[in-house]
Amino acid sequence: MPERHAWIDASAGVAGDMLLGALTDAGADLDFAQRCIDAVLPDSVRLRSERVTRAGIAAIKVHVDVLVEDPPHRTWRTIAQLLADADLPEDVRQNATAVFAKLAEAEAKVHGTTPEEIHFHEVGALDSIADVVGVCAGLHDLAISSLTASRVAVGSGTVKAAHGRIPVPVPAVTRLASGWELVAGGEGELTTPTGMALVVTLCRECTDLPALRMDSVGLGAGSKDFHGRANVTRILVGERTSPSRQDRGDSAVLIEANVDDLDPRLWPGALADLMAAGASDAWLVPITMKKGRPAHTLTVLSHPSAADRLRELIFTRTTTIGVRQTDYRKFALPRAWVTIKITGERS
């Protein structure tokens, strides 16, 4: 079965509202995004879109109008609870949670604290929560099953933030971008922490445009119109055929831990929780450790975007004090459900 794929062109930068605008221009329903945001932040923000031009190119600019005065700064713990309690499609909830978990980890490293206690300031403002949930809703609405992205233009110079003037790319972006290809791309802040977190969390890999049978393209506009450079994020949507996917393979990570002191009755529940948290597969292999002690190797296979929360769950649900993680390529045959009749009954 063909894979519905989207490729993000971030060669001019990326921000949450720009990516939401691109998805809207590509056909995503902004009203559906609004309903998802309302489920998390009732009566707090209102989305509206307008057609604009950036360096002579037409694009959609999505505005997030804040409806409440003096919105509070929020911790990752608070945002996680808001997402957990909201009435959302499960993939929207999981993706939005993964994006904010990545943001929390990066911001905690920047400010020297823990992810649970980090106060997001700009990132945790209502408009950024709306951007993340809105983008995840747009991907759901367009039925996009996989994402890749180009190298990211981050900008140069300095920008004023809550704690004073800081260099571009800002510290959170540099933390988030580890392993991703970056270029300066121009003056000013071209990529925000929210935009970078969406790309590195939701996209399989940094790559040039893959082979696609195109069906739509969307352009999302930034706030400024630079002379000679279109301030837009593009998204190209189409079907990625099976041979292309098999040739390239899918990015995957393998997380492992040797455990010799866990009550075996707890393993079935731990494996079930790992699968529910987004693991592609999870299994145990009996081993013998030092001094002949019986033990198990826990192995978890997942998409890279789920690795952070799966590692945390392993530490929570098992007695291990460390894990090892390896990058892999996963190759899978196309799969689909087919209904057949056996002795007159559908099966």
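How many of the 10 residues of α7 are buried? In this predicted model, 10 of the 10 are buried, so helix α7 is largely enclosed by the rest of the structure. The buried residues in question are P193, T194, G195, M196, A197, L198, V199, V200, T201 and L202. The helix spans residues 193-202, and its packing against helix α5 is described next.

Two packed helices are described by the angle between their axes and the distance between the axes. For α5 and α7, the angle is about 35° and the axes lie 10 Å apart. The crossing of these two helices is right-handed. On the side of α5, the contact is made by S128, D131, V132, V135, C136 and L139, and on the side of α7 by T194, L198 and L202. By class, the residues of this contact divide into six nonpolar, two polar and one charged. The three contributors from α7, namely T194, L198 and L202, are also listed among the buried residues of that helix.

Helix α5 (residues 126-141) also packs against helix α1 (residues 16-25), where the two axes come within 9 Å and cross at roughly 25°. That angle makes α1 roughly parallel to α5. The crossing of α1 and α5 is left-handed, whereas that of α5 and α7 is right-handed. In the contact between α1 and α5, residues G16, D17, L19, L20 and L23 of α1 meet D131, G134, V135, G138 and L139 of α5. Five nonpolar, three polar and two charged residues take part in this contact.

Helix α1 is itself largely enclosed by the rest of the structure, because nine of its 10 residues are buried. The buried residues are G16, D17, M18, L19, L20, G21, A22, L23 and T24. When neighbours within four places in sequence are left aside, T24 is in contact with L30, I60 and V62. After α1 comes G27, which has a positive phi near 120°.

The strands considered here belong to an open sheet. Four strands form this sheet in the order β14-β15-β13-β16, with antiparallel pairing. Strands β14 and β16 stand at the edges and have a single partner strand each, so one side of each is left without a neighbour in the sheet. On average, neighbouring strands of the sheet are turned by 25° against each other, direction ignored.

The pairings within the sheet may be followed strand by strand. Strand β14 (residues 281-288) is joined to β15 by eight bridges, and the two strands run antiparallel. In this pairing, the bridge partner of A282 is V300 in β15. Strands β14 and β15 form a hairpin with five residues between them, and K291 in the turn has a positive phi of about 60°. Strand β15 also pairs with β13 (residues 250-259), in the antiparallel sense and over seven bridges. Here the bridge partner of V259 is H296 in β15. Strand β15 (residues 294-302) is largely enclosed by the rest of the structure, because seven of its nine residues are buried.

The pairing of β13 with β16 is likewise antiparallel and runs over seven bridges. Within it, A252 stands opposite Y328 in β16. Helix α9 (residues 267-276) packs on the sheet and touches β13, β14 and β15, its direction making about 145° with that of β14.

Beyond the sheet, residue I340 is found in the loop between β16 (324-330) and β17 (341-342). Is I340 buried, exposed or partly exposed? Its relative accessibility is 44%, which places I340 in the partly exposed class, because that class lies between the limits of 20% and 50%. Residues I340 and E3 are 337 residues apart in sequence and 24 Å apart in space, C-alpha to C-alpha.

Key
Residues numbered from 1 in each chain as written. Predicted model: local features only at pLDDT ≥ 70, side-chain atom pairs only at ≥ 80, totals over all residues. Heavy atoms only, no water. Axes fitted to C-alpha atoms, helices over the stretch in contact; angles between N-to-C directions. Parallel < 35°, antiparallel > 145°, perpendicular 65-115°, else oblique. Left-handed = near helix turned anticlockwise from the far one by under 90°. Contact = heavy atoms within 4.5 Å. Nonpolar A, V, L, I, M, F, W, Y, C, P; charged D, E, K, R; others polar. Buried < 20%, exposed > 50% of the residue type's maximum accessible area, 1.4 Å probe, protein only. Pairing = 2+ DSSP bridges.
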